[in-house]
Amino acid sequence: MRYRALGPLSVEVEGRDAKLGGLRQQIVLAVLLRSANRVLPQDTLIDSVWAGEPPEAARATVQSYIYNLRRVLGHDAIVRHGDGYMIEADADTFDVLAFEQGISTGAELLKMDPASARAALVGGLNLWYGTAYGGVDHPELDPEIKRLDDERVTAIETRIEADLALGGAGGLV
């Protein structure tokens, strides 16, 4: 399984793009991914999906969305912990985590090994294929989208520093 959120939200399951359902169901997935590896209480998930104004049937509706997502992604894709849910992911299964790992590695290596730093940064930047969480327009995701956009700009600036350290000033101009 491969979660992708550095462009339109998508999930690859066994080599194919999964059908993620309607917008609210995609919002549930996006909010869970934004909090990957952390348990998100069901009430917090409900507040996030309906921007603090949930309908009376919100709890049952969220449970239905989770059920539908599990049918598409696999039963173990969304883990239940008490009254909350969690998606477990790492840099091999979620492009956001791979991007963050690449830019962290690149920043750490910049002074010691600019060529390796550049390679790590380029690897992370190449994961982008559009606007983060594209197609899932929801105010709950706005801070995460801004954070990722800011990290992308920082990664580009750091990659430029690596290029300069490698003597690539002419190519940059």
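Two residues are in contact when heavy atoms of each lie within 4.5 Å. I start there since the opening item is a set of contacts, and the model I am showing is a predicted one.

The residue is Thr158. Leaving aside residues up to four places away in sequence, Thr158 touches Ala107, Leu110 and Leu121. Thr158 itself belongs to helix H6, which covers residues 142-165. Is Thr158 buried or exposed? The cut-off for buried is under 20% relative accessible area. Thr158 has 11% relative accessibility, so Thr158 counts as buried.

Next, the aromatic rings. How many aromatic pairs does the structure hold? There are 2.

One of them is formed by Tyr3 and Phe94. The ring centres are 6.3 Å apart, with 85 degrees between the planes, and the arrangement is edge-to-face. Tyr3 sits in strand E1, residues 2-4, while Phe94 sits in the loop between E6 and helix H4, so this pair ties together parts that are 91 residues apart in sequence. Both Tyr3 and Phe94 are buried.

Phe99 and Trp128 also form an aromatic pair. Here the distance is 5.5 Å centre to centre, the planes are at 85 degrees, and the pair is edge-to-face. Which parts of the chain does the pair of Phe99 and Trp128 tie together? Phe99 is in helix H4, and Trp128 is in the loop between helix H5 and H6, so the parts joined are 29 residues apart in sequence. As for accessibility, Phe99 counts as buried because its relative accessibility is 0%. Trp128 has a relative accessible area of 8%, so Trp128 is buried too.

There is one more ring to mention, with a charged partner. Arg4 lies over the face of Tyr129, and the distance from the ring centre is 3.8 Å.

Last, the sheet. In general, strands of a sheet pair through backbone hydrogen bonds, and the pairing is either parallel or antiparallel. In this model, 3 strands make an open sheet, ordered E4-E6-E5, with antiparallel pairing. Which strands are at the edges? They are strand E4, residues 40-41, and strand E5, residues 79-81, and each of these pairs on one side only. E4 is joined to strand E6, residues 84-86, by 2 bridges, and E4 and E6 run antiparallel. Within that part of the sheet, Pro41 stands opposite Gly84 in E6.

To recap: Thr158 in helix H6, 2 aromatic pairs, Arg4 over the face of Tyr129, and an open sheet in the order E4-E6-E5.

Technical notes:
Residues are numbered from 1 along each chain as its sequence is written. This is a predicted model: local features need pLDDT of at least 70, side-chain atom pairs count only at pLDDT 80 or more; totals for chains, interfaces and linings use all residues. Side-chain values use heavy atoms; hydrogens and water are left out. Helices (H or I, at least four residues) and strands (E, at least two) are DSSP runs, numbered from the N terminus. Buried means under 20% relative accessible area, exposed over 50%, partly exposed in between (1.4 Å probe, protein chains only). Two strands pair if DSSP finds at least two bridges between them. Rings of Phe, Tyr and Trp (its six-membered ring) pair if their centres lie within 6.5 Å; planes under 30 degrees apart count as stacked, over 60 as edge-to-face and the rest as tilted. A charge sits over a ring if NZ of Lys or CZ of Arg is within 6 Å of the ring centre and within 35 degrees of the ring normal.
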